[in-house]
Each structure stands twice: as structure tokens, then as C-alpha cells.
Amino acid sequence: MQTSYNSNISLKRMNYWYKPLLFFVCILFLPPLTNAREIALTFDDAPTPDSALMTGAERTQKIISALQETGVKDALFYVKAGFINPQNAERLKQYTAAGFHLANHSFSHQSANQIDEKAYLMDVYHAHLALKDFDNLLNYHRFPYLHYGNDLVAINKLQDLLGELGYKDGYVTVDNFDWYISSLITKVVEEGKQIDYDKTREFYVNTLYDTIEFYDAVAQQTLKRSPRHVLLLHENDAAALFVGDLIKHLRNKGWNIISPQRAYEDPIAENFPQTAFHKQGRVAAIANSKGVAESALRHPAENEAYLLKAFDDAGIIIKTGETKTGVAETE
């Protein structure tokens, strides 16, 4: 009897690791769709303050120029309203004057997992009042950190409360750590070191593109189709430098850039998954609600230690005696 019991335990342990691993392997080797796929660009945390690399005003101009030069007609900037002051308000107006849209990303950027529903809703309403007079404002709200609430009861309650306030869920389908990549770039500049911007560009584009393909493969495995995707980006230095290159790379790989409004018309917008796992976006949440383990729904590059090593291995920081192969426009 003891042998049978131990065998059952071993089988359970094998299933615990085998099923997520099998799912991960399947999506890695899933062939890409032959038809053009669609993706919208959204930027969190606008208007981000100055950094060691560029001022906020410079960042806004670079992002607008990159979008316009690549023919992107619309993008959605989720505003952390606590950042708004007279100077930063002008930056938001520059986005809307260029034809882009704004939406609510809370006022103080608190996690909905860490405060109660009433306090969270009051914070969202504070942002609502700060944004109400801006042009091109859409009634979407995105949770900071993609934290929807600390359990399913809280999550559903917040969805109901936000709906009563007139907001739709500003979900993403493609998560990534672009914010951490940007912080690594800025840190190098703060430390007075030099960066090989060609290598940085390649690192940024390839890392983000890999996450896009990863979550599209999850969608194909789960939904049996490629939905209209919503890409999570941030209004940061990395985006200012390289979002144009990412757009070109996507198009070269057969992707169409669409408006966020068009993306949010996909049927998954009406399919709110009954799971507490929303941290990796709507596609991953749907997959999890169908029984896919959380461990199979996170790209390896969504990890700071992984990215730090990859950043170092990419040879981005120029060592003494080396020659730069790329120069940033801000230099």
C-alpha cells in the first residue's frame, strides 16, 4: 500500500510540472498564422516625468514623431492623473492634438490588490475629474500593475463599480517588462556609462516581439484564433527611442497596427474571465480560466533577473576601448 501511495504522489507531481511544460512547448512550436494579425498600441503612466536621459517634453515629442513617421493613426495613452501639472498637461494635449487618445490609469497608481474597493474607486474618480476636460478621452480604465483585486469577489465587485462609473475594462492581451528594460537603459546613463544604441534597439525590439508572439500563440492554442491584440507599453525612454523600430519590425512580420478602439471590439472584450489571474492580461486570464496553469502563461522575459542577465549578455554597455555602433538622438 505504501508503494502505491508513493506512486500516486509521484504521478501528481509529474502532472503538476508536465502539463504547464507541455503547454509552453506546444505554443512555442505553434506555426504562425498566414493571415495578417492585428495589434493596438497602448502606453501606461503618461505623462511620465523627466529622466536622466531626456525630459518629459522630449519624450512626448519623440513618441509622437515615431508614431507619425510610421503611419500609426491612433494610440491610447493611459494617464496616471497624479502626474498632471500645468507643464505635463500640455504634453497630454500634444498627444490629443496629434489625434491620439487618453484614458484613465488611476490617480495615485495604487494596487487594487492592496486597498479596498471603495478606496480604489475614489482614486479612479479623482483621476476621472482630473481628465474630464481633455479632448479625445475614452471611457476605459486600466488597473495599475494589472492588479484587478485580491480575490475573485473583489475583482467582480470592482468591475461592477467601474461599470457604474461608466468605464470599460482597458485590458491588455500582451504583457511584457518594457518598464524594466527602460529602467536599465536610464540607469546606465545615470551612472555615466555609454550605451551601444544599435544593440539596445535590437534587444528592445526582439524582447518585446517575442512576448507578442508568445501571447498570440497562447491565444491560438486557447481561442483557436488570433484576436485583435492590445500591447502594453509605457510612456518611457525606451519607447521614445525605439517604438518606431518595433512598429516596423511588427509590420515586416505580417502584423497590422490598428486603433485601440478597433482592438477593444474583439469578442474577448465581452468575455471577462472568472479567475483571479489577470496579471498577464486578458488572453492569459482566459487560458487560466480554461485550466492552463499560471506557470505556463508568463514569458521568461517577464522576470527582472532574466532581463538583467540578457541585457548584460547583449553587450549594451560599452566598455573602455570599445567603439559605439549607434548614437542616440538625445546625445
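1. A definition to begin with: a polar contact is a pair of N or O atoms within 3.5 Å; within protein, one must be able to donate a hydrogen and the other to accept it, and residues adjacent in sequence count only if both atoms are side-chain atoms. Q220 sits in helix α7 (residues 197-223), where helices (H or I, at least four residues) and strands (E, at least two) are DSSP runs numbered from the N terminus. With a relative accessible area of 12%, Q220 is buried; the classes are buried under 20%, exposed over 50% and partly exposed in between (1.4 Å probe, protein chains only).

2. On the source: this is a predicted model, in which local features need pLDDT of at least 70 and side-chain atom pairs count only at pLDDT 80 or more, while totals for chains, interfaces and linings use all residues. Residues are numbered from 1 along each chain as its sequence is written, and side-chain values use heavy atoms, with hydrogens and water left out.

3. The overall picture: the protein chain has eleven helices and nine strands, and buried residues make up 50% of its 331 residues. Of the contacts (heavy atoms within 4.5 Å) with a separation of 6 or more, 83% are between residues 24 or more positions apart.

4. Do look at α5 (residues 152-164). Its 13 residues reach 18 Å from first C-alpha to last, close to the 18 Å expected at 1.5 Å a residue; the expected span is 1.5 Å times one less than the number of residues. A154, I155, L158, Q159, L161 and L162 are buried in α5. The buried residues of α5 pack against α4 (117-131), β4 (137-141) and β5 (168-169). At the start of α5, a side-chain oxygen of D151 comes to within 3.2 Å of the backbone nitrogen of V153. After α5 comes G166, with a positive phi near 95 degrees.

5. Helix α6 (178-190) gives the largest share of the lining, four residues.

6. Some backbone angles deserve a second look. Most residues other than glycine have a negative phi, and most peptide bonds are trans. D45, in strand β1, has a positive phi near 70 degrees and is buried at 17% relative accessibility. The peptide bond from A46 to P47 is cis, with omega near -5 degrees, and P47 lies in the loop between β1 and α2 (56-69). K224, in the loop between α7 and β7, has a positive phi of about 65 degrees, and K224 is exposed at 67% relative accessibility.
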